[in-house]
Structures are given as structure tokens and as C-alpha cells.
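Open your viewer and get ready to click through the model one selection at a time. Each stop tells you what to select and what to look for.

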Amino acid sequence: MSTDTRQFGDLATQLVMESRRSSQTDALLKYNDSLVRSLLREQRDLERAAEALEAGMNEFQGPPPALLIIQTAISRNKRCLLAYHSHRIDRLRDLYWAVGGALPHILNNQDTRSKLSPHEVDYLRQYNSSVMEFRSEFSHELDITASITNAPKDLHVLVHVVRDCGVIQTELGSIDFQKGQRFMVRRADIEHLIVQGYLEEVS
Amino acid sequence: MDNDYFSIDAILAENQKIQCKFKQRIPEMGHLGGGSERDILPLSKRQIPIWLAYIIVYSDWADFDIPQPFSNKVRNALRAEPRSVRLSNLVGAGAGWYVLGKTIMDMLGDEQGVEMSEMLITTFKGRLVDVIDQAQHFAVLGSVGGGGGVDSAPQMFREGLDTTERELFVLAQESARRMKKWYEEGSGGAKRVL
């Protein structure tokens with residue numbers, strides 16, 4: 001068995017340790033595709049070993065201990081794989097809401113993008129579609145992607161342009177936001193630009 | 001166990017090893033715990049991670065010893081004064097005493113399990129007040145290790161916190177800090193009503 005020199009669960013532990021490191025440093029790490037693939041290979045090996053033991057079983061004796069142990073190892077690997085992916089997805093959802101649902105902002109950031117697996121990108125896209133669909137049902141009354149950390153005191157806000165963001169539609173018409181300028185605009189129109197860092201609220 | 005399934009802390013806690021004394025021969029599994037023989041022989045002892053030990057103990061192929069962090073010596077010390085024990089010293093780096101305790105408790109039979117559960121709960125309750133109290137006191141000073149003087153009892157207590165208690169400490173500290181900030185700055189300078 002190829003698992004002789006390495007103990008059961010070693011690869012799985014390595015993967016879960018990455019999740020822990022990610023939590024401790026509060027950072028998204030690069031998707032560890034090679035480790036995941038190694039784990040999946042180990043699963044295949046274990047499955048084959050289990051099937052061999054099963055085939056050799058005598059119906060009166062019940063499963064040999066080795067079979068139950070191998071099954072336990074398979075479940076352990078599965079749990080670690082699921083936990084790793086689930087942990088990453090949680091972080092991605094938090095990231096999504098932190099930028100007010102501005103998906104392009106996340107995906108166009110090369111640094112972030114390089115850390116995601118293709119499946120994770122797909123997940124974000126689908127998640128975004130669902131959120132947008134849900135949000136559109138009551139967008140007249142409430143914008144669920146607006147910031148909730150600071151309760152707005154006013155309908156309007158004075159903003160300072162930190163980075164060029166081009167022409168944006170507001171209640172006053174189209175405004176070309178250029179770096180260094182200031183505008184008094186309706187908060188709802190440009191909230192997402194504050195969240196993404198293009199505009200800064202002047203208090 | 002179900003709500004812990006995805007928990008990274010619970011998964012890593014189950015990597016802790018416990019001493020298993022085998023009662024039967026286990027063919028082909030001699031490599032477990034680092035052995036070099038082909039089979040595990042009866043009466044042999046191996047250090048097995050908890051996640052694997054479950055099935056071994058449940059199937060009655062081996063008995064296990066309650067690990068040192070929950071020994072009678074520790075139990076008695078906690079009964080006498082729960083705040084006197086440095087929980088962080090009992091378990092390895094990054095492991096939690098409470099998380100490990102719960103994991104082991106799940107493996108014990110009813111009577112021992114209930115005993116273990118009571119020990120964990122009583123200890124937690126006995127220490128919690130001091131954890132939160134110190135956290136709020138140090139909200140201003142802002143570091144887990146600072147304040148209280150070198151080698152003082154409060155400092156020793158803080159250093160002995162297990163990982164769960166540490167998390168609570170940090171949360172309480174942060175909470176007290178924000179509260180203070182809100183009183184002082186407030187929305188529109190609201191004054192503190194005494």
C-alpha cells in the first residue's frame with residue numbers, strides 16, 4: 001500500500017493547517033490545487049485497498065478491522081477536504097459582502113484572482129447572480145448591498161474623489177468623477193464607490 | 001458532533017494522540033502509529049490519533065488511557081481551584097484544552113463521559129469571570145501579556161488561558177474598547193448618562 005511510510009491523515013492535516021494559517025493571518029491563501037489532487041489520489045488508493053478487502057470477505061466473519069480502519073481514513077480525508085473548501089468559500093462570501101457585492105472589483109484584482117481556483121470563480125459568479133436577483137425584488141425599498149456599519153444620517157453626502165472612476169449616473173445626471181474633485185451627491189447613487197475606495201466621504 | 005464537522009479547530013483537535021492498548025491482533029495495520037511490523041499484536045501499545053481511535057475503541061479492539069491533560073492530578077487541582085491551573089501548558093501548542101476534552105468525552109462511556117462533561121463545565125464557569133474581568137480591565141492597555149506586573153497572579157492566569165478562553169478574552173477586550181470609544185465620541189456627541 002502506498003500509504004505505508006506516510007501515516008493516514010497526514011496530507012489531510014496539511015490541508016487543514018492551511019485553513020488555520022489563513023484564519024490566523026486573516027488572509028486568503030492560494031488554492032492548493034496540488035495538495036488537493038494528492039489527497040484525491042490517496043482516496044483512490046484507499047478505495048482500491050478497501051475494495052480488495054471487501055472482495056476477500058467471508059460472509060460469516062464480518063468486515064476485517066483493516067477495512068473499517070481504511071474506511072475511517074477515507075472519511076477523515078473527505079471531512080478535511082470539505083472543511084478546507086467550505087472555509088475558503090466562507091472567506092469569499094465575506095469578501096463579496098465587504099465590497100458591497102461589486103464582483104468585478106474582486107475578479108479584476110489580479111492578486112485576489114490568482115488565489116482562486118476556477119471553481120471558486122464560478123461559485124462567486126453564481127452567488128452574485130443569486131444575490132442580484134434577490135436584491136432586485138425590493139430594490140425600491142432597500143438596497144441590501146449598501147454598507148451597514150455606518151447608519152446614514154442624510155440622504156446626501158459630500159465626497160472627495162480618490163481615484164478616477166469615470167462617468168457615473170446620479171440623480172443629478174451624469175457626473176465625471178475625477179481625482180481631486182468634490183461632489184455633494186445622493187448617498188444611494190455612489191455608496192458602492194465609497195466601499196470600493198474610489199470616493200472618500202468628507203466628514 | 002455534526003455542527004463541528006466543518007470546524008477547523010475540531011478537526012485539528014482530533015489529531016491529538018492517545019495511548020491505545022490493543023486487545024486483539026489487527027492484521028495489515030502494523031504501520032499505524034509508526035510501527036514496522038506487518039500486524040498489530042495483542043497487548044502492544046500505540047499512540048493513535050483520536051479521529052482513528054474512535055473506531056478502534058468502539059469496536060473493542062483496544063482500550064485507551066485518559067490522556068495526561070485530564071488526569072486525576074489535573075482533575076483534583078481544578079476541583080480545588082480552577083483558576084490555578086495553566087491550561088495552555090497541559091496541551092500542545094495551538095491545541096485547546098476544552099476542545100480536546102470534548103473530543104475525548106465523545107469517546108467515553110456514559111458514566112465517565114458525564115464526569116468529564118461536568119469537569120469541563122465547572123472549570124469553564126470557574127474561570128470565565130476572571131477571563132472577562134481581566135479583558136475589560138486591559139481594554140485600555142491593549143495586550144494580552146501586558147500589565148499587572150511581571151509574574152503577577154493575573155499575568156500568570158492570562159498566560160495559562162486555553163485557546164477558547166483566549167478568543168473570549170480578545171473579544172471581550174475589543175468589545176470594551178469599542179464601547180468606551182462610543183461613549184467618548186458617540187453619534188453627535190451623546191453624553192454618558194450616569
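A residue counts as buried when its relative accessible area is under 20%, as exposed when over 50%, and as partly exposed in between (1.4 Å probe, protein chains only). By that rule, 38% of the 194 residues of chain B are buried.

Before going further, a word on conventions. This is a predicted model, in which local features need pLDDT of at least 70 and side-chain atom pairs count only at pLDDT 80 or more, while totals for chains, interfaces and linings use all residues. Residues are numbered from 1 along each chain as its sequence is written, chains are lettered from A and ligands numbered from 1 in the order in which they are written, and side-chain values use heavy atoms, with hydrogens and water left out.

**Stop 1: chain B**

Keep chain B selected and switch to cartoon view. You will find eight helices and three strands; helices (H or I, at least four residues) and strands (E, at least two) are DSSP runs, numbered from the N terminus. Walking from the N terminus, the order is α-β-β-α-β-α-α-α-α-α-α. Now show the surface: the accessible area of chain B is about 11100 Å², with 54% of it on carbon and sulfur atoms (Shrake-Rupley method, 1.4 Å probe; for residues, only the protein chains shown count as cover).

**Stop 2: chain A**

Select chain A next. Its cartoon holds seven helices and five strands, in the sequence order α-α-α-α-α-α-β-β-β-β-α-β. In chain A, 37% of the 203 residues are buried.

**Stop 3: where the chains meet**

Show both chains and select the residues in contact, meaning heavy atoms within 4.5 Å. That picks out 25 residues of chain B and 26 residues of chain A. How much area do chain B and chain A bury between them? The figure is about 2300 Å², 69% of it on carbon and sulfur atoms; buried area is the accessible area (1.4 Å probe) that two parts lose on being put together, summed over both.
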